[in-house]
Amino acid sequence: MPKIVDEVWYDGAKERIKRLGLSPLIDELKVIITEFDLRVKESVDANGGAAVRRLIDARFEKSGGWTKKVGGDIDWFKCKFVNGTQVCIGVEVQVSARSDLLVVDMIHLTAAFREGRIDAGVVIVPSDKLSRYLTDRGPCFSDAKKHANVARLEDSPLVLIAIEHDGAGPPLEKQFKRTSKKL
């Protein structure tokens, strides 16, 4: 099973999550991203990050109650009622795109905070070790921390989580760009 190897909690996120009764959703999220088999070929750039993303998305779908947003918004969110008040958490999963797209995910979370759609946000990225084995220029935990600071998200209720694979296995399928046909 993948393991969570590092976490950074910004701007009182841990206290806010506890106070608002969101801890069960964080616990559920941690089960989603850890309780499955994730083995990769332990060779630089040998595995497709999109394959890891598909595995994680399937886990969210199987868990139930999580809403997937498509294009231009938070990847996943879930709300619950606590004492008659709706509280929500948003999750961005960034394992398969260029690392600079972490900023775009963080902009999505910032907009959702500002608009009052979520009360806390989580960004899930590969650990620095796992990132080496995924597609070139993909994100890693070090990049996520740097981008969170540049985007000034240290002033937002944000949690960064780094996951790491179980161990060695066959390479995960890479996703190749479509080539345009010449006319």
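I searched the whole structure, a predicted model, for aromatic pairs and found two, counting rings of Phe, Tyr and Trp (its six-membered ring) whose centres lie within 6.5 Å, with planes under 30 degrees apart taken as stacked, over 60 as edge-to-face and the rest as tilted. F60 and W66 make an edge-to-face pair, with 5.1 Å centre to centre and 80° between the planes. The pair of F60 and W76 is stacked, because the ring centres are 4.9 Å apart and the planes stand at 10°. Since F60 belongs to helix α3 (residues 49–63) and W76 to strand β4 (residues 76–82), this pair ties together parts that are 16 residues apart in sequence. I noted F60, W66 and W76 as one aromatic cluster.

I then checked burial (buried is under 20% relative accessible area, exposed over 50%, partly exposed in between, with a 1.4 Å probe and protein chains only). F60 is buried at 1%, W66 at 8% and W76 at 1%.

Next I looked at helix α6 (residues 141–150), where F141, D143, A144, H147 and A148 are buried. They cover an arc of only 155° around the axis, which puts them on the same side of α6; the arc is that of the directions from the helix axis to the C-beta atoms. Helices (H or I, at least four residues) and strands (E, at least two) are DSSP runs, numbered from the N terminus. Just after α6, I found R152 with a positive phi of about 60°.

For the record, residues are numbered from 1 along each chain as its sequence is written, and side-chain values use heavy atoms, without hydrogens and water. In this predicted model, local features need pLDDT of at least 70 and side-chain atom pairs count only at pLDDT 80 or more, while totals for chains, interfaces and linings use all residues.
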